[in-house]
Amino acid sequence: MCGIAGIFSSRSEKKYTEKLDEMLAVQNHRGPNQKGVLEKNNLTYGMTRLKIIDTEEHSIPYATNDQNISIVYNGEIYNHQEVRKTFQKKYCFSSPSDAETVLYNYCEKGESSFADYNGMYAFALYDARKESLFLVRDKAGEKPLFYLKTPDFFSFASEVKALLKLVKPVLNRDCISYEAYEFNVEEETLFKDIFSVMPGEYVRIDKNLTVTKHSYWKIWDNLIHVPDNIKTIERDLTELLIDSLELRTKNCVHQYGVFVSGGVDSALIACITKPDFIYTCHYPHVKELDELEYAQLVARKINKELVVVEPSMEDFERTQKDILYHLDTPCTWTSFSLWKIIERASQDIKVVLSGEGADELFSGYHRYHLLHHDEQIRHMKAMKEYSFLVNKYYGSLASRYARLVNRSDDYNNARVVEYLEEKIEFYFSRMHNDHLHGMGVTDFYTTMQEILQLGDRMNMAFSVENRCPFLDYRLIQYAYSMPSKYKIREGTTKWIIKHIAKKIIPKEIVERIDKRGFTAPYNQWFGGKEKGNYNRSNYKKQVFELWKALFNISV
(Lines give C-alpha, C1' and ligand atoms only; values in the text may rest on other atoms or scores of the structure.)
Protein backbone atom coordinates (compact mmCIF):
# COMPACT_ATOMS: atom_id res chain seq x y z
CA MET A 1 0.00 0.00 0.00
CA CYS A 2 1.02 3.58 -0.54
CA GLY A 3 0.01 7.17 -0.19
CA ILE A 4 0.07 9.21 -3.39
CA ALA A 5 -0.17 12.93 -4.07
CA GLY A 6 0.52 15.40 -6.84
CA ILE A 7 0.10 18.94 -8.11
CA PHE A 8 -0.45 19.71 -11.81
CA SER A 9 0.13 23.43 -12.37
CA SER A 10 -1.06 25.70 -15.14
CA ARG A 11 2.25 27.57 -14.91
CA SER A 12 5.55 25.79 -15.51
CA GLU A 13 7.48 28.32 -13.44
CA LYS A 14 5.43 27.59 -10.33
CA LYS A 15 7.03 24.88 -8.17
CA TYR A 16 5.22 22.94 -5.46
CA THR A 17 7.95 20.67 -4.09
CA GLU A 18 7.63 21.86 -0.51
CA LYS A 19 3.85 21.57 -0.57
CA LEU A 20 4.08 18.09 -2.01
CA ASP A 21 6.42 17.06 0.80
CA GLU A 22 3.79 18.22 3.27
CA MET A 23 1.07 16.27 1.44
CA LEU A 24 3.14 13.09 1.52
CA ALA A 25 4.19 13.57 5.14
CA VAL A 26 0.58 13.73 6.32
CA GLN A 27 -0.03 10.38 4.56
CA ASN A 28 3.15 8.69 5.78
CA HIS A 29 1.13 6.08 7.70
CA ARG A 30 0.00 4.71 4.32
CA GLY A 31 3.58 4.03 3.22
CA PRO A 32 6.24 4.36 5.92
CA ASN A 33 8.97 2.33 4.14
CA GLN A 34 10.00 4.61 1.25
CA LYS A 35 9.27 7.98 -0.35
CA GLY A 36 9.90 9.33 -3.83
CA VAL A 37 9.12 12.52 -5.81
CA LEU A 38 9.21 13.30 -9.53
CA GLU A 39 8.97 16.62 -11.38
CA LYS A 40 8.06 16.61 -15.07
CA ASN A 41 6.86 19.62 -17.06
CA ASN A 42 4.09 21.22 -14.96
CA LEU A 43 3.63 18.18 -12.72
CA THR A 44 5.12 17.51 -9.30
CA TYR A 45 4.03 14.24 -7.77
CA GLY A 46 5.18 11.51 -5.43
CA MET A 47 4.34 8.55 -3.24
CA THR A 48 5.08 6.94 0.08
CA ARG A 49 5.41 3.17 -0.07
CA LEU A 50 4.47 0.24 2.18
CA LYS A 51 6.36 -2.84 1.00
CA ILE A 52 4.09 -5.86 0.69
CA ILE A 53 4.59 -7.86 -2.54
CA ASP A 54 7.91 -6.36 -3.58
CA THR A 55 10.04 -5.82 -0.47
CA GLU A 56 13.07 -4.41 -2.30
CA GLU A 57 13.69 -0.68 -2.60
CA HIS A 58 13.42 0.81 -6.09
CA SER A 59 13.43 4.26 -7.59
CA ILE A 60 9.93 5.74 -7.18
CA PRO A 61 7.82 7.08 -8.80
CA TYR A 62 8.13 4.43 -11.50
CA ALA A 63 8.91 5.72 -15.01
CA THR A 64 9.81 4.50 -18.47
CA ASN A 65 13.44 4.76 -19.54
CA ASP A 66 12.78 7.98 -21.46
CA GLN A 67 10.80 9.39 -18.49
CA ASN A 68 7.87 10.22 -20.78
CA ILE A 69 5.41 8.03 -18.88
CA SER A 70 5.45 7.72 -15.12
CA ILE A 71 3.18 6.56 -12.32
CA VAL A 72 2.48 6.96 -8.61
CA TYR A 73 0.54 4.00 -7.36
CA ASN A 74 -1.43 2.73 -4.36
CA GLY A 75 -2.76 -0.82 -4.14
CA GLU A 76 -2.24 -4.42 -5.11
CA ILE A 77 -3.02 -6.01 -8.48
CA TYR A 78 -3.23 -9.76 -8.01
CA ASN A 79 -3.15 -10.74 -11.68
CA HIS A 80 -0.31 -8.43 -12.67
CA GLN A 81 2.10 -11.28 -13.42
CA GLU A 82 -0.33 -12.70 -15.98
CA VAL A 83 -0.79 -9.22 -17.50
CA ARG A 84 2.98 -8.66 -17.61
CA LYS A 85 3.61 -11.94 -19.46
CA THR A 86 1.75 -10.62 -22.51
CA PHE A 87 4.40 -7.94 -23.18
CA GLN A 88 7.32 -8.77 -20.89
CA LYS A 89 9.86 -9.38 -23.67
CA LYS A 90 9.31 -5.92 -25.16
CA TYR A 91 10.41 -3.85 -22.16
CA CYS A 92 13.23 -3.65 -19.65
CA PHE A 93 11.69 -3.86 -16.20
CA SER A 94 13.55 -2.54 -13.17
CA SER A 95 11.43 -4.37 -10.57
CA PRO A 96 8.80 -7.09 -10.08
CA SER A 97 6.34 -4.42 -8.89
CA ASP A 98 2.72 -4.45 -10.03
CA ALA A 99 3.01 -0.66 -10.43
CA GLU A 100 5.56 -1.15 -13.19
CA THR A 101 3.23 -3.66 -14.86
CA VAL A 102 0.53 -0.97 -14.95
CA LEU A 103 3.03 1.50 -16.38
CA TYR A 104 4.07 -0.67 -19.34
CA ASN A 105 0.57 -2.03 -19.92
CA TYR A 106 -0.44 1.58 -20.56
CA CYS A 107 2.46 1.84 -23.01
CA GLU A 108 0.95 -1.17 -24.80
CA LYS A 109 -2.75 -0.42 -24.73
CA GLY A 110 -3.30 3.14 -23.57
CA GLU A 111 -6.45 3.94 -21.60
CA SER A 112 -8.05 0.59 -22.45
CA SER A 113 -5.46 -1.05 -20.16
CA PHE A 114 -7.21 0.29 -17.07
CA ALA A 115 -9.86 -2.47 -17.24
CA ASP A 116 -7.33 -5.34 -17.21
CA TYR A 117 -6.76 -5.56 -13.48
CA ASN A 118 -8.00 -7.81 -10.70
CA GLY A 119 -7.27 -6.04 -7.47
CA MET A 120 -7.52 -2.86 -5.48
CA TYR A 121 -5.75 0.19 -6.80
CA ALA A 122 -5.74 3.95 -7.19
CA PHE A 123 -3.03 5.48 -9.29
CA ALA A 124 -2.01 8.62 -11.17
CA LEU A 125 -0.26 8.12 -14.51
CA TYR A 126 1.34 10.98 -16.40
CA ASP A 127 1.86 10.85 -20.17
CA ALA A 128 4.25 13.65 -21.10
CA ARG A 129 3.69 12.99 -24.82
CA LYS A 130 0.03 13.93 -24.42
CA GLU A 131 0.69 16.34 -21.54
CA SER A 132 -2.11 14.55 -19.74
CA LEU A 133 -2.57 13.16 -16.25
CA PHE A 134 -4.85 10.16 -15.57
CA LEU A 135 -6.36 9.34 -12.18
CA VAL A 136 -7.66 5.76 -12.06
CA ARG A 137 -9.64 3.99 -9.30
CA ASP A 138 -10.36 0.27 -8.97
CA LYS A 139 -13.57 -1.45 -10.03
CA ALA A 140 -15.10 -1.78 -6.54
CA GLY A 141 -13.72 1.35 -4.87
CA GLU A 142 -11.46 -0.35 -2.34
CA LYS A 143 -8.71 2.27 -2.62
CA PRO A 144 -9.47 6.00 -2.26
CA LEU A 145 -8.50 8.84 -4.58
CA PHE A 146 -9.48 12.49 -4.17
CA TYR A 147 -8.81 15.62 -6.16
CA LEU A 148 -9.01 19.40 -5.95
CA LYS A 149 -9.20 21.87 -8.84
CA THR A 150 -8.42 25.59 -8.61
CA PRO A 151 -7.78 28.15 -11.38
CA ASP A 152 -4.00 27.73 -10.88
CA PHE A 153 -3.55 24.01 -10.29
CA PHE A 154 -5.11 20.56 -10.10
CA SER A 155 -4.13 18.36 -7.17
CA PHE A 156 -4.84 14.81 -6.02
CA ALA A 157 -4.14 12.59 -3.01
CA SER A 158 -5.08 9.32 -1.35
CA GLU A 159 -6.61 11.18 1.58
CA VAL A 160 -8.42 14.50 1.84
CA LYS A 161 -6.19 15.74 4.65
CA ALA A 162 -3.31 15.95 2.18
CA LEU A 163 -5.30 18.30 -0.07
CA LEU A 164 -5.99 20.50 2.93
CA LYS A 165 -2.31 21.41 2.86
CA LEU A 166 -3.16 23.46 -0.24
CA VAL A 167 -6.48 25.09 0.63
CA LYS A 168 -8.38 26.13 3.70
CA PRO A 169 -11.14 23.60 4.49
CA VAL A 170 -14.61 24.94 3.75
CA LEU A 171 -17.81 23.00 4.43
CA ASN A 172 -19.75 21.83 1.39
CA ARG A 173 -23.32 22.50 2.51
CA ASP A 174 -24.73 20.89 -0.66
CA CYS A 175 -23.39 17.40 0.03
CA ILE A 176 -26.72 15.62 -0.39
CA SER A 177 -25.29 12.12 -0.14
CA TYR A 178 -24.06 12.80 3.41
CA GLU A 179 -27.51 14.02 4.38
CA ALA A 180 -29.08 10.85 2.94
CA TYR A 181 -26.51 8.23 3.99
CA GLU A 182 -24.50 9.85 6.83
CA PHE A 183 -21.48 9.44 4.53
CA ASN A 184 -20.51 10.96 1.19
CA VAL A 185 -20.91 8.26 -1.46
CA GLU A 186 -20.82 10.53 -4.51
CA GLU A 187 -18.07 12.48 -6.27
CA GLU A 188 -18.72 15.41 -3.96
CA THR A 189 -17.32 15.39 -0.42
CA LEU A 190 -18.08 17.39 2.68
CA PHE A 191 -15.15 19.66 1.73
CA LYS A 192 -15.97 22.33 -0.82
CA ASP A 193 -14.20 21.85 -4.19
CA ILE A 194 -12.77 18.45 -3.20
CA PHE A 195 -14.07 15.42 -5.10
CA SER A 196 -13.63 11.66 -5.24
CA VAL A 197 -12.83 9.58 -8.29
CA MET A 198 -15.64 7.02 -8.47
CA PRO A 199 -15.21 3.21 -8.59
CA GLY A 200 -14.51 1.85 -12.06
CA GLU A 201 -13.80 5.33 -13.41
CA TYR A 202 -10.85 7.49 -14.38
CA VAL A 203 -10.33 11.21 -14.73
CA ARG A 204 -8.16 12.79 -17.44
CA ILE A 205 -6.60 16.22 -16.92
CA ASP A 206 -4.92 18.01 -19.83
CA LYS A 207 -2.30 20.76 -19.79
CA ASN A 208 -5.03 23.42 -19.56
CA LEU A 209 -6.37 21.68 -16.43
CA THR A 210 -9.52 20.63 -18.28
CA VAL A 211 -11.05 17.64 -16.49
CA THR A 212 -12.92 14.86 -18.31
CA LYS A 213 -14.45 11.84 -16.58
CA HIS A 214 -14.64 8.35 -18.04
CA SER A 215 -16.15 5.04 -16.97
CA TYR A 216 -14.12 1.91 -17.75
CA TRP A 217 -15.96 -0.76 -15.70
CA LYS A 218 -19.48 -0.94 -14.25
CA ILE A 219 -21.35 -4.01 -13.10
CA TRP A 220 -24.23 -3.74 -15.59
CA ASP A 221 -21.84 -3.47 -18.53
CA ASN A 222 -20.01 -6.66 -17.58
CA LEU A 223 -22.71 -9.25 -16.90
CA ILE A 224 -22.14 -12.81 -18.11
CA HIS A 225 -24.30 -15.83 -18.85
CA VAL A 226 -24.91 -18.04 -15.82
CA PRO A 227 -27.14 -21.11 -16.32
CA ASP A 228 -30.03 -21.67 -13.92
CA ASN A 229 -28.51 -24.77 -12.37
CA ILE A 230 -27.82 -24.93 -8.65
CA LYS A 231 -25.00 -27.48 -8.94
CA THR A 232 -23.24 -25.39 -11.58
CA ILE A 233 -23.64 -22.21 -9.54
CA GLU A 234 -22.41 -23.87 -6.35
CA ARG A 235 -19.36 -25.27 -8.16
CA ASP A 236 -18.54 -22.01 -9.95
CA LEU A 237 -18.85 -19.83 -6.86
CA THR A 238 -16.78 -22.22 -4.75
CA GLU A 239 -14.02 -22.27 -7.36
CA LEU A 240 -14.10 -18.50 -7.80
CA LEU A 241 -13.91 -17.85 -4.06
CA ILE A 242 -11.04 -20.28 -3.55
CA ASP A 243 -9.15 -18.79 -6.49
CA SER A 244 -9.77 -15.28 -5.22
CA LEU A 245 -8.37 -16.26 -1.82
CA GLU A 246 -5.33 -17.91 -3.40
CA LEU A 247 -4.62 -14.77 -5.43
CA ARG A 248 -4.78 -12.64 -2.29
CA THR A 249 -2.49 -14.88 -0.24
CA LYS A 250 0.03 -16.42 -2.65
CA ASN A 251 1.94 -13.17 -3.18
CA CYS A 252 2.03 -12.18 0.48
CA VAL A 253 5.55 -12.42 1.89
CA HIS A 254 4.26 -11.41 5.32
CA GLN A 255 2.16 -13.37 7.78
CA TYR A 256 -1.51 -12.48 7.43
CA GLY A 257 -4.63 -12.59 9.54
CA VAL A 258 -8.43 -12.69 9.40
CA PHE A 259 -10.85 -10.71 11.57
CA VAL A 260 -13.50 -13.22 12.66
CA SER A 261 -16.78 -11.50 13.50
CA GLY A 262 -18.80 -14.66 14.06
CA GLY A 263 -20.51 -14.41 10.68
CA VAL A 264 -20.45 -16.67 7.64
CA ASP A 265 -18.18 -14.53 5.43
CA SER A 266 -15.21 -14.20 7.77
CA ALA A 267 -15.61 -17.82 8.88
CA LEU A 268 -15.45 -18.97 5.25
CA ILE A 269 -12.31 -16.96 4.61
CA ALA A 270 -10.62 -18.25 7.76
CA CYS A 271 -11.60 -21.90 7.25
CA ILE A 272 -10.42 -21.94 3.63
CA THR A 273 -7.15 -20.03 4.07
CA LYS A 274 -6.20 -21.08 7.62
CA PRO A 275 -4.34 -17.79 8.26
CA ASP A 276 -1.43 -17.21 10.60
CA PHE A 277 -3.59 -15.22 13.03
CA ILE A 278 -7.29 -14.74 13.73
CA TYR A 279 -8.76 -11.92 15.79
CA THR A 280 -12.12 -11.04 17.27
CA CYS A 281 -13.69 -8.30 19.36
CA HIS A 282 -15.38 -9.11 22.67
CA TYR A 283 -17.48 -7.00 25.03
CA PRO A 284 -17.79 -9.30 28.08
CA HIS A 285 -20.49 -7.30 29.86
CA VAL A 286 -22.81 -6.90 26.86
CA LYS A 287 -24.31 -10.28 26.03
CA GLU A 288 -26.37 -9.05 23.07
CA LEU A 289 -23.17 -8.04 21.24
CA ASP A 290 -21.14 -11.11 22.16
CA GLU A 291 -19.69 -12.97 19.18
CA LEU A 292 -16.96 -14.79 21.09
CA GLU A 293 -18.50 -18.27 21.07
CA TYR A 294 -18.78 -18.24 17.26
CA ALA A 295 -15.24 -16.96 16.80
CA GLN A 296 -14.04 -19.73 19.12
CA LEU A 297 -15.80 -22.30 16.91
CA VAL A 298 -13.77 -21.06 13.94
CA ALA A 299 -10.54 -21.15 15.97
CA ARG A 300 -11.16 -24.77 16.96
CA LYS A 301 -12.11 -25.70 13.40
CA ILE A 302 -8.78 -24.51 11.96
CA ASN A 303 -6.73 -25.19 15.09
CA LYS A 304 -5.53 -21.62 15.56
CA GLU A 305 -5.19 -19.49 18.66
CA LEU A 306 -7.87 -16.79 18.80
CA VAL A 307 -6.61 -13.32 19.71
CA VAL A 308 -9.39 -11.60 21.65
CA VAL A 309 -9.55 -7.80 21.88
CA GLU A 310 -11.72 -6.27 24.65
CA PRO A 311 -12.20 -2.53 24.03
CA SER A 312 -13.36 -0.33 26.89
CA MET A 313 -15.34 2.88 27.19
CA GLU A 314 -12.06 4.60 28.04
CA ASP A 315 -10.61 3.35 24.74
CA PHE A 316 -13.68 4.72 22.99
CA GLU A 317 -13.25 8.17 24.49
CA ARG A 318 -9.50 8.16 23.89
CA THR A 319 -9.67 7.22 20.21
CA GLN A 320 -12.54 9.41 18.96
CA LYS A 321 -10.34 12.19 17.60
CA ASP A 322 -7.80 9.76 16.16
CA ILE A 323 -10.54 7.92 14.25
CA LEU A 324 -12.02 11.20 12.97
CA TYR A 325 -8.61 12.38 11.85
CA HIS A 326 -7.90 9.26 9.83
CA LEU A 327 -11.41 9.09 8.34
CA ASP A 328 -11.39 12.75 7.25
CA THR A 329 -15.15 12.64 7.70
CA PRO A 330 -17.69 12.57 10.56
CA CYS A 331 -18.66 9.04 11.51
CA THR A 332 -20.89 7.55 14.18
CA TRP A 333 -18.05 5.31 15.34
CA THR A 334 -19.04 2.09 13.61
CA SER A 335 -15.29 1.87 13.01
CA PHE A 336 -14.30 1.83 16.69
CA SER A 337 -14.20 -1.94 17.18
CA LEU A 338 -12.30 -2.31 13.92
CA TRP A 339 -9.79 0.31 15.04
CA LYS A 340 -9.09 -1.61 18.25
CA ILE A 341 -8.68 -4.96 16.47
CA ILE A 342 -6.29 -3.49 13.89
CA GLU A 343 -4.35 -1.71 16.62
CA ARG A 344 -3.69 -5.12 18.19
CA ALA A 345 -3.23 -7.00 14.91
CA SER A 346 -0.60 -4.54 13.67
CA GLN A 347 1.75 -6.04 16.25
CA ASP A 348 1.70 -9.32 14.29
CA ILE A 349 0.75 -8.78 10.65
CA LYS A 350 0.90 -6.46 7.65
CA VAL A 351 -1.98 -8.03 5.66
CA VAL A 352 -5.52 -8.92 6.70
CA LEU A 353 -8.37 -10.59 4.79
CA SER A 354 -11.95 -9.45 5.37
CA GLY A 355 -15.43 -10.20 4.07
CA GLU A 356 -16.58 -6.84 2.71
CA GLY A 357 -18.88 -7.11 -0.28
CA ALA A 358 -20.47 -10.49 0.42
CA ASP A 359 -23.70 -8.97 1.76
CA GLU A 360 -24.10 -6.69 -1.23
CA LEU A 361 -23.28 -9.39 -3.78
CA PHE A 362 -25.43 -12.15 -2.28
CA SER A 363 -28.29 -10.34 -0.45
CA GLY A 364 -27.06 -10.69 3.10
CA TYR A 365 -28.79 -7.74 4.76
CA HIS A 366 -31.98 -8.44 6.67
CA ARG A 367 -33.65 -5.35 5.22
CA TYR A 368 -33.70 -7.17 1.87
CA HIS A 369 -36.39 -9.44 3.30
CA LEU A 370 -38.90 -6.57 3.29
CA LEU A 371 -38.76 -5.77 -0.41
CA HIS A 372 -38.39 -9.43 -1.26
CA HIS A 373 -41.56 -10.25 0.68
CA ASP A 374 -43.41 -7.45 -1.10
CA GLU A 375 -42.39 -8.79 -4.47
CA GLN A 376 -43.40 -12.33 -3.61
CA ILE A 377 -46.89 -11.10 -2.79
CA ARG A 378 -47.05 -8.92 -5.88
CA HIS A 379 -46.20 -11.89 -8.10
CA MET A 380 -48.69 -14.30 -6.56
CA LYS A 381 -51.01 -15.76 -9.18
CA ALA A 382 -54.03 -14.58 -7.21
CA MET A 383 -52.76 -10.98 -7.35
CA LYS A 384 -52.09 -10.92 -11.10
CA GLU A 385 -55.30 -9.07 -11.96
CA TYR A 386 -54.75 -6.55 -9.16
CA SER A 387 -51.32 -5.31 -10.22
CA PHE A 388 -52.54 -1.70 -10.45
CA LEU A 389 -53.83 -1.73 -6.87
CA VAL A 390 -50.76 -3.57 -5.61
CA ASN A 391 -48.42 -1.05 -7.23
CA LYS A 392 -50.49 1.79 -5.82
CA TYR A 393 -50.38 0.23 -2.37
CA TYR A 394 -46.68 -0.55 -2.30
CA GLY A 395 -45.28 2.19 -4.53
CA SER A 396 -42.37 1.71 -6.93
CA LEU A 397 -39.38 -0.48 -6.13
CA ALA A 398 -37.17 2.60 -5.97
CA SER A 399 -39.44 4.51 -3.58
CA ARG A 400 -39.77 1.51 -1.26
CA TYR A 401 -36.04 0.90 -1.09
CA ALA A 402 -35.39 4.61 -0.66
CA ARG A 403 -37.49 4.49 2.50
CA LEU A 404 -35.44 1.57 3.81
CA VAL A 405 -32.02 3.18 3.34
CA ASN A 406 -32.89 6.80 4.17
CA ARG A 407 -30.75 7.90 7.16
CA SER A 408 -31.69 11.56 7.07
CA ASP A 409 -32.64 13.27 10.31
CA ASP A 410 -35.64 14.61 8.44
CA TYR A 411 -37.04 11.41 6.97
CA ASN A 412 -39.52 13.32 4.79
CA ASN A 413 -37.03 15.84 3.44
CA ALA A 414 -38.19 16.22 -0.18
CA ARG A 415 -34.69 16.90 -1.49
CA VAL A 416 -33.29 13.75 0.13
CA VAL A 417 -36.24 11.61 -0.94
CA GLU A 418 -35.95 12.78 -4.55
CA TYR A 419 -32.19 12.19 -4.55
CA LEU A 420 -32.54 8.65 -3.18
CA GLU A 421 -35.39 7.66 -5.47
CA GLU A 422 -33.59 8.91 -8.58
CA LYS A 423 -30.35 7.17 -7.62
CA ILE A 424 -32.04 3.89 -6.72
CA GLU A 425 -34.22 3.97 -9.84
CA PHE A 426 -31.05 4.31 -11.90
CA TYR A 427 -29.43 1.24 -10.33
CA PHE A 428 -32.62 -0.87 -10.39
CA SER A 429 -33.17 -0.07 -14.08
CA ARG A 430 -29.62 -1.15 -14.89
CA MET A 431 -30.40 -4.50 -13.29
CA HIS A 432 -33.68 -4.84 -15.22
CA ASN A 433 -35.71 -4.19 -12.05
CA ASP A 434 -34.69 -7.48 -10.45
CA HIS A 435 -35.25 -6.36 -6.87
CA LEU A 436 -32.48 -8.46 -5.26
CA HIS A 437 -29.87 -7.54 -7.84
CA GLY A 438 -31.15 -3.96 -7.73
CA MET A 439 -30.80 -3.62 -3.97
CA GLY A 440 -27.36 -5.21 -4.10
CA VAL A 441 -26.02 -2.96 -6.85
CA THR A 442 -27.48 0.10 -5.14
CA ASP A 443 -25.70 -0.80 -1.92
CA PHE A 444 -22.52 -1.74 -3.79
CA TYR A 445 -22.17 1.80 -5.13
CA THR A 446 -23.46 3.59 -2.03
CA THR A 447 -23.38 2.13 1.49
CA MET A 448 -20.60 -0.36 0.69
CA GLN A 449 -18.40 2.57 -0.24
CA GLU A 450 -18.69 3.78 3.33
CA ILE A 451 -17.66 0.36 4.64
CA LEU A 452 -14.70 0.16 2.27
CA GLN A 453 -13.43 3.61 3.14
CA LEU A 454 -13.74 2.91 6.87
CA GLY A 455 -11.74 -0.26 6.35
CA ASP A 456 -9.09 1.46 4.25
CA ARG A 457 -8.57 4.35 6.69
CA MET A 458 -8.57 2.19 9.82
CA ASN A 459 -6.09 -0.32 8.41
CA MET A 460 -3.85 2.30 6.85
CA ALA A 461 -3.71 4.19 10.14
CA PHE A 462 -1.62 1.25 11.37
CA SER A 463 0.11 0.53 8.02
CA VAL A 464 -1.88 -2.68 7.55
CA GLU A 465 -3.19 -3.76 4.14
CA ASN A 466 -6.79 -4.99 3.94
CA ARG A 467 -7.71 -7.43 1.13
CA CYS A 468 -11.33 -8.23 0.25
CA PRO A 469 -11.65 -11.58 -1.61
CA PHE A 470 -15.40 -11.20 -2.23
CA LEU A 471 -14.60 -8.10 -4.30
CA ASP A 472 -12.71 -10.03 -6.94
CA TYR A 473 -14.35 -8.64 -10.10
CA ARG A 474 -15.11 -12.17 -11.33
CA LEU A 475 -17.18 -12.85 -8.22
CA ILE A 476 -18.93 -9.49 -8.67
CA GLN A 477 -19.82 -10.36 -12.27
CA TYR A 478 -21.06 -13.79 -11.34
CA ALA A 479 -23.12 -12.64 -8.36
CA TYR A 480 -25.11 -10.12 -10.39
CA SER A 481 -25.47 -12.41 -13.41
CA MET A 482 -26.73 -15.54 -11.63
CA PRO A 483 -30.48 -16.03 -11.04
CA SER A 484 -31.27 -13.93 -7.99
CA LYS A 485 -33.63 -16.56 -6.58
CA TYR A 486 -30.59 -18.28 -5.05
CA LYS A 487 -29.76 -15.25 -2.92
CA ILE A 488 -32.79 -15.30 -0.62
CA ARG A 489 -34.48 -18.67 -0.33
CA GLU A 490 -36.60 -20.41 2.28
CA GLY A 491 -36.50 -17.26 4.39
CA THR A 492 -32.69 -17.28 4.46
CA THR A 493 -30.54 -14.36 3.33
CA LYS A 494 -27.32 -15.09 1.44
CA TRP A 495 -28.68 -18.59 0.84
CA ILE A 496 -26.19 -19.72 -1.84
CA ILE A 497 -23.18 -18.68 0.25
CA LYS A 498 -24.55 -20.49 3.29
CA HIS A 499 -25.29 -23.51 1.12
CA ILE A 500 -21.61 -23.58 0.14
CA ALA A 501 -20.40 -22.73 3.63
CA LYS A 502 -22.16 -25.60 5.41
CA LYS A 503 -19.53 -27.96 3.98
CA ILE A 504 -16.66 -25.80 5.20
CA ILE A 505 -17.47 -23.91 8.43
CA PRO A 506 -19.11 -24.86 11.76
CA LYS A 507 -22.83 -25.47 11.29
CA GLU A 508 -23.71 -23.26 14.26
CA ILE A 509 -22.50 -20.25 12.28
CA VAL A 510 -24.36 -21.27 9.12
CA GLU A 511 -27.59 -21.67 11.08
CA ARG A 512 -27.42 -18.27 12.81
CA ILE A 513 -30.32 -15.94 12.06
CA ASP A 514 -28.99 -12.86 13.88
CA LYS A 515 -26.48 -10.46 12.35
CA ARG A 516 -24.14 -8.35 14.45
CA GLY A 517 -20.67 -7.70 13.09
CA PHE A 518 -18.09 -5.62 14.93
CA THR A 519 -20.36 -3.22 16.76
CA ALA A 520 -19.94 -1.68 20.23
CA PRO A 521 -22.22 -0.89 23.22
CA TYR A 522 -22.77 2.76 22.32
CA ASN A 523 -26.08 2.83 24.21
CA GLN A 524 -24.14 2.34 27.42
CA TRP A 525 -21.19 4.51 26.54
CA PHE A 526 -22.53 7.58 24.85
CA GLY A 527 -23.60 10.23 27.32
CA GLY A 528 -22.88 8.03 30.31
CA LYS A 529 -22.92 4.45 31.47
CA GLU A 530 -26.67 4.05 31.73
CA LYS A 531 -28.58 2.18 29.05
CA GLY A 532 -30.85 4.03 26.69
CA ASN A 533 -28.89 7.29 26.43
CA TYR A 534 -27.85 6.82 22.82
CA ASN A 535 -29.69 9.09 20.42
CA ARG A 536 -28.59 8.65 16.82
CA SER A 537 -29.57 12.12 15.63
CA ASN A 538 -28.06 13.91 18.61
CA TYR A 539 -24.90 11.83 18.43
CA LYS A 540 -24.54 12.53 14.70
CA LYS A 541 -24.70 16.26 15.36
CA GLN A 542 -22.10 16.09 18.13
CA VAL A 543 -19.73 14.05 15.98
CA PHE A 544 -20.22 16.52 13.13
CA GLU A 545 -19.28 19.44 15.39
CA LEU A 546 -16.22 17.56 16.68
CA TRP A 547 -15.13 16.88 13.10
CA LYS A 548 -15.52 20.57 12.13
CA ALA A 549 -13.45 21.65 15.10
CA LEU A 550 -10.75 19.05 14.48
CA PHE A 551 -10.23 20.14 10.86
CA ASN A 552 -10.94 23.83 11.57
CA ILE A 553 -13.60 23.90 8.87
CA SER A 554 -15.10 27.19 7.79
CA VAL A 555 -18.85 27.25 7.25
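**Figure 1. Contacts across the predicted protein chain.** In this predicted model, take the contacts in the protein chain with a separation of 6 or more: residues 24 or more positions apart account for 69% of them. Here, contact means heavy atoms within 4.5 Å.

**Figure 2. The whole chain and its dimensions.** The protein chain holds 22 helices and 17 strands. Its C-alpha trace spans about 70 × 55 × 55 Å along the principal axes. How does the radius of gyration fit a compact globule? With 555 residues, such a globule would have a value near 24 Å. The protein chain has 23 Å, which agrees.

**Figure 3. Buried residues in the chain.** Of the 555 residues in the protein chain, 61% are buried. Buried means under 20% relative accessible area.

**Figure 4. Helix α9 crossing helix α17.** Two packed helices are described by the angle between their axes and the distance between the axes. Helix α9 covers residues 313-327, and helix α17 covers residues 447-461. Their axes come within 9 Å. They cross at roughly 115°. That angle makes α9 roughly perpendicular to α17, because angles of 65 to 115 degrees count as roughly perpendicular. The crossing of α9 past α17 is right-handed.

**Figure 5. Residues where α9 and α17 meet.** Which residues of α9 meet α17? They are I323, H326 and L327. On the α17 side, their partners are Q453, L454, R457, M458 and A461. The residues of this contact divide into five nonpolar, two polar and one charged.

How values were computed: Residues numbered from 1 in each chain as written. Predicted model: local features only at pLDDT ≥ 70, side-chain atom pairs only at ≥ 80, totals over all residues. Heavy atoms only, no water. Axes fitted to C-alpha atoms, helices over the stretch in contact; angles between N-to-C directions. Helix = DSSP H or I, 4+ residues; strand = E, 2+ residues; numbered from the N terminus. Parallel < 35°, antiparallel > 145°, perpendicular 65-115°, else oblique. Left-handed = near helix turned anticlockwise from the far one by under 90°. Nonpolar A, V, L, I, M, F, W, Y, C, P; charged D, E, K, R; others polar. Rg over C-alpha atoms; globule rule 2.2 N^0.38 Å. Buried < 20%, exposed > 50% of the residue type's maximum accessible area, 1.4 Å probe, protein only.
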